[in-house]
Amino acid sequence: MTVFVGDDWGEDHHDVHLMSSDGVRLEAKRLPEGVEGLARLHALIAEHASDPSEVVVGIETERGMWVQALIDAGYQVYAINPLSASRYRERTNVGGAKSDPGDAKMLADLVRTDAHNHRQIAGDTEEVNGLKILTRAHQRLVWDRTRHLNRLRSDLREFFPAALNAFDDLAHSDALSLLAKAPNPDQAAKLSITQIRAALKRGGRQRNIDSRAIAIQLALRAPQMTAPAAIAEAFAISTRSLAQIIDGLNTQIEVLEIELTREFEQHPESDIYLSMPGLGPILGARVLAEFGDDPQRYESAKARRNYAGTSPVTIASGRKRAVVARHVRNKRLYDTVDRWAFSSLRNSQGCRDFYDQRRAVGDLHHQALRALGNRLVGYLHGCLRTRTHYDETTAWAHRQSLVAA
């Protein structure tokens, strides 16, 4: 007998609902998180199913040791998108009531009646799951650095505009070393060439030190509007802290880049990813980690594009029809594909021509990048299916013939 299980997970407990194929409740329990709760869940399931393959589980996450244990037990596990679960709840409960046991029942019902509209958790290898942890940690640190840089830039506008003229890139070691040494405009203006040179060396600069020191001194001593002393001093304290935080983030980002590059290059498909224009070890690792390496996960290039969020969706009703961007998507993967498409413009004439043609017909910059990314994801799918490297001529020959015609 097939048993359908809804698992509404929380930080310290799981509400589970076991249901038969005709919708009859078999069990409904609240189980603790961890080994004890998992053992009790297996015991409950064993009372109603003799074969693990007859167990279908719906849960609103695809990560974690609990989920991995369910997969290892041989159950069919479906990670239900919380948005899909919310819509299904509204479909079956118009009154608006919500509870954890109710959500567990809803998930069991969903996989009982609508499992064909969802997809089982991918059978990715442990190597790519580990790579995903590294790439997401790296991406989070990059996003954290961007947030802190935006705060630093905003603060400098308030009390130290000369620093913005002195340093084009606030994340660079030149800027961080000088701001850590002299975060106050008055202190910075009094720095000698020798002191600036010393700060640049501490930051790691090895070339053009003298010319860079002179340029920085001229920018820091240029006339600028000044804030009241008390305000400037408060901002200076904040600036020094932000500079030290960003410097620490730079260090840890570099450490993670070394590790994820090493892990990525050991994957058997890394050479295919690196053959794609615009993909280096970091972006390639992100793309591989987010797509996964389960060969059965994507039935077609369209399915892979849909998951990446690069393919458009059509909204049609009556006489109205519109083609719009897909907003429900893997945001980490979409961000990565966007960067991938932008990077490809520098080393692929086919990508550059495609982008220019899209811009010529009226696409905005990111619209053209999305269309290019959609094309690149399709090429990647083909290369992975055939186990071949990307070839520029094969990829774009058809478009060149159309242009020539």
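**Salt bridges, cores and a helix**

Author: This is a predicted model. One place to start is helix 15 (residues 331–344), which holds both Asp335 and Arg339, 4 residues apart, or about one turn of the helix.

Reader: What do Asp335 and Arg339 form, and how far apart are the closest N and O atoms?

Author: They form a salt bridge, with the closest N and O atoms 3.3 Å apart. Arg339 is partly exposed, because its relative accessible area is 42%.

Reader: How many salt bridges does the structure hold?

Author: There are 20. Another one joins Glu36 to Arg40, with 3.9 Å between the closest N and O atoms. Both of those residues sit in helix 1 (residues 35–46), again 4 residues apart.

Reader: Which pair links distant parts of the chain?

Author: Arg89 and Asp103 form a salt bridge, their closest N and O atoms being 2.9 Å apart. This pair links helix 3 (residues 82–92), where Arg89 lies, to helix 4 (residues 100–114), where Asp103 lies, and the two are 14 residues apart.

Reader: Are Arg89 and Asp103 buried or exposed?

Author: Both Arg89 and Asp103 are buried. There is also a network of salt bridges linking Asp15, Arg30 and Asp100.

Reader: Changing topic. Which residues of the largest nonpolar core touch the most other members?

Author: That core has 45 residues, and the ones touching the most other members are Tyr273, Met276, Phe291, Trp340, Leu372, Leu380 and Trp396. Helix 17 (residues 365–386) gives the most to this core, with 10 residues. A second, separate core of 31 residues includes Ala166, Ala175, Ala182 and Leu200.

Reader: What does Ser177 touch?

Author: Leaving out residues up to four places away in sequence, Ser177 touches Ala199, Leu200 and Gly203. Ser177 is found in helix 7 (residues 173–181). Its side chain reaches the backbone oxygen of Asp174 at 3.0 Å, and a polar atom of that side chain lies 3.3 Å from the backbone oxygen of Ala199.

Reader: Why is Ser177 called buried?

Author: Because its relative accessible area is 15%, and buried means under 20%.

Reader: Last one: which residues of helix 16 are buried?

Author: Gly350, Cys351, Phe354 and Tyr355. They are on the same side of helix 16, because they cover an arc of only 130° around the axis. The face turned away from that buried side carries the exposed residues Gln349 and Ala360.

Reader: And what comes just after helix 16?

Author: Gly362, which takes a positive phi of about 115°.

Note on methods
Residues are numbered from 1 along each chain as its sequence is written. This is a predicted model: local features need pLDDT of at least 70, side-chain atom pairs count only at pLDDT 80 or more; totals for chains, interfaces and linings use all residues. Side-chain values use heavy atoms; hydrogens and water are left out. Buried means under 20% relative accessible area, exposed over 50%, partly exposed in between (1.4 Å probe, protein chains only). A polar contact is a pair of N or O atoms within 3.5 Å; within protein, one must be able to donate a hydrogen and the other to accept it, and residues adjacent in sequence count only if both atoms are side-chain atoms. Contact means heavy atoms within 4.5 Å. A nonpolar core is a set of buried Ala, Val, Leu, Ile, Met, Phe, Trp, Tyr and Cys residues joined through side-chain atoms within 4.5 Å. The arc is that of the directions from the helix axis to the C-beta atoms. A salt bridge is a side-chain nitrogen of Lys or Arg within 4 Å of a carboxyl oxygen of Asp or Glu.
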